[in-house]
Amino acid sequence: MARWLWYFYLYSFLGFLLEVAFARASGHPKRDRKCLILLPLCPVYGLGACLILGLAPLGNGPLWVALSGGLAATGTELILGAFYRYVLGVKFWDYEGIPGSLGGLVCPAFSLCWTALALLLVYGVHPLAAGVVARIPAWLAPPAFIVLAADSLVSCAALRRTGSTEVLKWYAEG
């Protein structure tokens with residue numbers, strides 16, 4: 001079970017890096033893309049990746065991974081986007097104005113991106129990551145879980161209280 005925690009951490013961090021790269025490449029004014037106060041993570045990527053990895057063995061081949069992975073990632077984005085928006089009162093992303101957008105929470109263009117990333121995850125990144133994760137000592141999982149849980153709770157409370165993702169920037173952006 002500890003390996004799933006590490007997968008969540010790893011893919012949330014890689015998602016954070018992907019978001020930062022996308023923001024810089026697209027010239028988006030919101031350059032900081034983390035979703036927690038302390039940890040540089042985007043949980044939507046970690047949860048989506050874990051769902052994709054859990055579904056991958058249930059089917060057979062790349063077509064299954066593409067379809068189930070794209071749907072799992074899009075569903076994760078929809079649910080977490082709704083949670084952020086309607087429970088915490090913040091928007092980390094908004095696809096309003098993109099053709100086919102569903103309330104600004106998901107859209108076909110990014111669903112296709114998630115489909116491609118599901119294939120890259122299952123056939124490219126994860127075989128390497130699984131070997132690294134297997135080497136992490138089991139005793140590190142409980143403290144890592146406590147740090148993640150504490151940061152998540154504090155971050156959710158701060159986001160709900162302020163209604164702004166700016167509360168996550170406790171440091172000076174350079």
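**Basis of the model**

Contact here means heavy atoms within 4.5 Å. The model is predicted, so local features need pLDDT of at least 70 and side-chain atom pairs count only at pLDDT 80 or more, whereas totals for chains, interfaces and linings use all residues. Residues are numbered from 1 along each chain as its sequence is written, and side-chain values use heavy atoms, without hydrogens and water.

**Leucine 121**

Leucine 121 belongs to helix 4 (residues 108–133); helices are DSSP runs of H or I with at least four residues, numbered from the N terminus. Its relative accessible area is 8%, so leucine 121 is buried (under 20% relative accessible area, 1.4 Å probe, protein chains only). Beyond neighbours within four places in sequence, leucine 121 is in contact with Tyr11, Ala49, Ile52, Leu53, His126 and Pro127.

**Threonine 76**

Threonine 76 lies in helix 3 (residues 62–88) and counts as buried because its relative accessibility is 5%. A polar atom of its side chain is 2.8 Å from the backbone oxygen of alanine 72. Apart from neighbours within four places in sequence, threonine 76 is in contact with Val44, Leu47, Gly48, Leu51 and Gly81.

**Lining of the second largest pocket**

A pocket is an open set of points on a 1 Å grid over the protein atoms alone where a 1.4 Å probe fits, with protein on both sides within 12 Å along at least five of seven lines; lining residues have an atom within 4 Å of a point. Helix 5 gives the most to the lining of the second largest pocket, with 7 residues.

Note on methods:
Helix = DSSP H or I, 4+ residues; strand = E, 2+ residues; numbered from the N terminus. Buried < 20%, exposed > 50% of the residue type's maximum accessible area, 1.4 Å probe, protein only. Polar contact = N/O pair within 3.5 Å; in protein donor to acceptor, adjacent residues only side chain to side chain.
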